[in-house]
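User: I have a protein model open and I am new to this. Can you show me how to read it?

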Amino acid sequence: MREYTIKSTRKGRDYIWGTLYYSDKTAKFHIKFRCALDEMKKDKPPAMIHRFMTNGRTELDAELSLLWVSERIIPKDRQNIADILRENNLTTYREIDMLELSMGKCTLDDIYLTRICPGCGKEKKLSEFGYRTMENGEIRHQSWCKECRQSTSNTECDINSKTNKT
Ligand SMILES: [Zn+2]
């Protein structure tokens, strides 16, 4: 599960609006807002936040989350989409890849995303996450940061070596 913080920066202050999750297994998004709209109102959330928070909603299902994402990324039917994909070493259009290209930034507002490692809970740059090249040549970022992956593989090795000895 990939995890992103939904943020904006105004007058040097960081506002956290919620968290966006993405499952590479199911290719689904899930958004959880920081709190209910009433509690958030004093911070004047951007339209892209409060518009989705009607009926006391603090979470968005896969369908609404995808709608939220879709409004912030290069659409599939963009005329030069093939060129954009090629320039970024992508063979197929996937919303998550488009989202990571811009990290959620768009001209509508000042919202952006930062990537969080679910292993250590730290906010990290995309380059601090490992990636692997898939058989079709696509590059996929991994959920956990390089540091966390490193430490888990070490632990696994330790366990294995201990088991082998006994
Ligand atoms: Zn980590």
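Analyst: We go from the whole fold to single residues. Keep in mind that this is a predicted model.

User: How many helices and strands are in the protein?
Analyst: Count six helices and eight strands. Then read their order along the sequence: β-β-β-α-α-β-α-α-α-β-β-β-β-α.

User: What does the C-alpha trace span along its principal axes?
Analyst: About 60 × 40 × 30 Å.

User: How do I read burial?
Analyst: Count neighbours: a residue is buried if 20 or more other C-beta atoms lie within 10 Å of its own. By that test, 20% of the 166 residues count as buried.

User: Which residues have the most contacts inside the largest nonpolar core?
Analyst: They are Tyr4, Ile6, Leu20, Phe29 and Ile31, in a core of 23 residues. Two or more core residues come from each of these elements: strands S1 (2–10), S2 (13–23), S3 (28–33) and S5 (111–116), plus helix H5.

User: What does Tyr4 touch, leaving out residues up to four places away in sequence?
Analyst: Its partners are Thr19, Leu20, Leu113, Thr114, Arg115 and Ile116. Now take the whole protein. Among contacts with a separation of 6 or more, 48% join residues 24 or more positions apart.

User: Which residues of helix H5 are buried?
Analyst: H5 covers residues 95–102, and its buried residues are Glu95, Met98, Leu99 and Glu100.

Key:
Residues numbered from 1 in each chain as written. Predicted model: local features only at pLDDT ≥ 70, side-chain atom pairs only at ≥ 80, totals over all residues. Buried ≥ 20, exposed ≤ 12 C-beta atoms within 10 Å, placed from the backbone. Helix = DSSP H or I, 4+ residues; strand = E, 2+ residues; numbered from the N terminus. Contact = placed C-beta atoms within 7 Å. Core = buried A, V, L, I, M, F, W, Y, C linked by C-beta atoms within 7 Å.
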